[in-house]
Amino acid sequence: MISMQHSKNTHSKSHYALRFLLCCLINQFVFLPGVMAQNLTNINAGPAIEQATVSLSFNNADIESVASVVAKATGQTILVDPQVKGTITLITNRPVTKSKALDSFSTALRTAGFALVETNGMYRVVTQADAKLVSTSVTTGKGKQEGDQIITRVFKLNYESANNLLPVLRPLVSPNNTINAYPGNNTIVVTDYASNIQRIAALIESIDAPTSTEVQTIKLQYAFSSDVAAILNKVLDTGTAGAADPALKTMILSEPRTNSILIRSSSAERVRQVRILVARLDAPGNKNGNIWVVPLKNAEASKLAVTLRALVAADAALSAQVASSSNAPPALASNTQQNPGATTQPPGQAAGAGANLATSALTSSSNPNIGGFIQAEPATNSILITGSEPLYRSLRQVIEQLDLRRNQVYIESLIVEVSNETAAELGIQWNFLVGSGNQNVGFGSTNFGTPGQNQGAGGNIFGLNQNVNTIANGGANTGAVPVAPAPGLNLGLISRFNGVYAMSALVRALQTASGTNILSTPNLITLDNEEARIIVGQNVPILTGSYSTTGSTSTVTPFQTYVRQDVGILLRVKPQISDNGIVKMQIYQEVSSVAAQTQSGVVLNKRNIESNVLVDDGQMVVLGGLISDEYSDGTSGIPFLSSIPLIGQLFRYDNKNRVKRNLLVFMRPYVLRDKNQTDEITNNRLSVMQGKEDQFKQLPMLLPKETDLPNVSNSEPPLIPPRLPASTINTNPPLSRPPVPGSPSPASSGVATQ
């Protein structure tokens with residue numbers, strides 16, 4: 001019984017456990033999908049997706065009505081400008097979102113000549129001309145704004161220039177919208193439709209990219225940088241490649257101090273070609289002998305040779321190289337060791353005449369020097385060096401630094417002279433006799449000269465009496481030398497005294513005024529540290545002495561000696577340019593003229609300035625001048641009578657004189673560092689002369705007018721156009737060494753010569 005009961009209880013527990021397990025499994029499979037679905041729904045929900053609930057269908061509808069419907073459908077505020085009048089067509093085949101509805105509305109407005117602009121959270125419908133002024137949407141980043149709304153975007157460039165990129169982008173902007181460049185921070189500001197600005201942004205992003213314009217340096221071991229640079233510039237034609245844009249030009253420069261080549265190019269292939277050519281040229285030459293020829297570009301061979309010999313004589317190391325040169329003549333080597341300065345003396349100078357070798361270079365002749373290891377050849381302006389290769393290399397580096405293009409100075413001088421002179425005279429003179437016959441005759445007169453004036457006898461009543469008979473007789477010739485009345489107004493009274501005519505009263509009045517206004521601009525151009533001179537005037541003969549004999553025993557031809565002197569404008573200038581652009585000038589300027597011819601000789605008016613000044617490039621400086629105001633007056637009269645008001649003028653003679661002079665001299669130098677500046681100055685002066693020629697007008701006359709007047713523009717062009725020399729400095733002959741095993745041949749190296 002117990003066992004059976006136990007077995008029954010055990011079976012009952014197993015049954016309940018099985019039922020519990022089955023219920024759990026059923027719950028797991030029934031409720032799990034619902035929970036999983038709920039979890040997946042929560043995970044994928046994310047942000048709410050805008051529903052396409054707006055349908056638009058307008059055919060030639062009024063713009064204001066369409067704007068009202070779109071505003072209600074999208075929940076936005078849309079204001080229509082009173083100037084906007086017209087109809088549009090807007091039809092969507094299927095429902096669209098609210099944002100797409102606004103874009104469609106702005107596109108329809110664009111086709112009708114209007115624009116939709118967002119301002120302060122609301123939208124306005126305005127004309128396209130006013131859209132760029134009303135829009136307040138300004139972006140600077142990479143936004144994704146699309147559609148036909150008017151916005152403004154600022155593009156900041158990193159590599160390209162805003163001014164250079166502006167002409168490329170301007171045709172892409174709508175006619176009524178704007179694009180501008182601001183060079184201050186290299187930015188471009190565009191106001192246009194959002195869809196068009198997206199296209200412009202993509203174009204700017206592709207153009208504004210770095211280019212390979214890094215400067216690369218190639219240090220040479222055997223060749224000279226100036227020679228290699230000259231060869232590369234001719235072979236690669238770097239002078240014309242990329243002439244339209246300097247950024248695309250391949251530049252090859254020589255750096256003599258480190259004997260290196262500097263390369264800058266935007267093409268990596270061109271840089272690779274240059275490196276291959278430099279590697280071939282930078283090789284030891286197969287020159288036989290110890291004579292080297294160095295043609296000069298700018299310096300004078302005769303002067304430079306003396307300077308080089310003085311440099312070698314002062315440097316013990318170079319003197320030792322000359323003495324130890326295997327190819328130098330024995331007599332020359334021993335002479336250099338014993339007396340280093342002997343080889344530096346120019347022909348005709350004594351051995352002990354002077355040890356200042358730098359000064360002797362200024363007096364060196366243009367003939368070839370005899371003797372010495374450094375010779376000058378004036379015919380070809382070349383330097384001949386006899387010595388070893390180390391000595392030649394040392395001297396060649398010095399030559400490269402001295403043989404440079406010298407700057408020029410264009411000097412503009414301005415002489416301004418303004419003077420004014422006024423004079424006035426007024427006087428009355430009397431002359432009378434009282435009585436006649438054999439009785440006593442009374443006499444009275446007022447006799448005044450002409451103070452301050454040189455009018456001769458005609459200004460005095462007694463002087464004019466010498467000509468009174470001619471005046472009274474109607475100009476009859478009485479045999480006497482006539483005396484002309486003084487200049488001005490002459491009023492007189494001629495009376496008859498005992499049958500003789502005489503001047504009894506004379507009134508003189510004169511007022512003169514003279515003025516001058518002189519503007520002279522003598523200009524000249526000269527090399528740095530070289531004196532220039534210009535003279536504009538006449539060469540006047542001046543008597544200095546004479547010789548003659550009075551006796552009759554000998555016949556000696558009398559003669560006179562003259563000396564000629566330049567009279568006019570003289571300018572002598574010697575400029576010196578410093579590294580910081582300041583010009584030091586030694587100036588002598590003179591303005592002279594012939595004043596009068598006297599018995600003692602010629603009288604000259606002369607004004608000159610001699611000075612040393614410092615002036616910046618292009619700055620005008622005043623050298624000196626004269627500003628004066630002179631006044632003088634005088635009066636002559638009868639005591640007591642001349643002081644009576646009004647009546648006293650009958651017994652007085654007055655004169656006044658005033659002279660004002662203003663004379664100033666100015667000067668302005670222009671430093672011309674290259675041929676472009678020289679051409680600019682030349683073209684400017686040429687255009688000024690052509691303008692002066694155009695102002696010339698022929699006078700009316702009976703003879704026919706000339707139709708082919710001389711003109712600067714009619715000058716004949718040169719028969720042979722100017723060009724660069726066909727050959728350049730190249731002391732290294734072409735390489736003829738055998739190819740290295742394993743290296744590519746010249747034909748297969750891929751080097752292109754353009």
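A residue counts as buried when its relative accessible area is under 20%, as exposed when that value is over 50%, and as partly exposed in between (1.4 Å probe, protein chains only).

Some ground rules for reading on. This is a predicted model, where local features need pLDDT of at least 70, side-chain atom pairs count only at pLDDT 80 or more, and totals for chains, interfaces and linings use all residues. Residues are numbered from 1 along each chain as its sequence is written, and side-chain values use heavy atoms, with hydrogens and water left out.

**The whole protein**

The protein has 16 helices and 26 strands; these are DSSP runs numbered from the N terminus, H or I of at least four residues for helices and E of at least two for strands. Of its 754 residues, 31% are buried. Counting contacts (heavy atoms within 4.5 Å) with a separation of 6 or more, 66% are between residues 24 or more positions apart.

**A patch on the surface**

Back to Leu 650, which sits in the loop between β25 (621–637) and β26 (652–672). Leu 650 belongs to a nonpolar surface patch together with Trp 430, Phe 432, Leu 641, Ile 644, Leu 646 and Ile 647, and the accessible area of the patch is about 660 Å². Areas come from the Shrake-Rupley method with a 1.4 Å probe, and for residues only the protein chains shown count as cover. Patch members have over 30% relative accessible area and no salt bridge; like charges are joined within 9 Å, and nonpolar side chains (Val, Leu, Ile, Met, Phe, Trp, Tyr) within 5 Å.

**Sheets and a hairpin**

Two strands pair if DSSP finds at least two bridges between them. β11 pairs with β12 (residues 260–264) over 5 bridges, and Glu 255 stands opposite Ser 260.

Elsewhere, 5 of the 6 residues of strand β4 (residues 114–119) are buried. β4 pairs with β5 (residues 122–127) in the antiparallel sense over 6 bridges. Their hairpin has 2 residues between the strands, and Asn 120 takes a positive phi near 55° there.

**Salt bridges**

The structure holds 14 salt bridges, each with a Lys or Arg side-chain nitrogen within 4 Å of an Asp or Glu carboxyl oxygen. Here are some of them:

| Pair | N to O distance |
|---|---|
| Arg 396 and Asp 227 | 2.8 Å |
| Asp 629 and Arg 658 | 3.0 Å |
| Arg 652 and Asp 654 | 3.1 Å |

Salt bridges that share partners join Asp 227, Arg 396 and Glu 400 into one network. Arg 396 is buried, at 0% relative accessible area, and Asp 227 is buried as well, at 1%. By contrast, Asp 629 is partly exposed at 46%, and Arg 658 is partly exposed at 37%.
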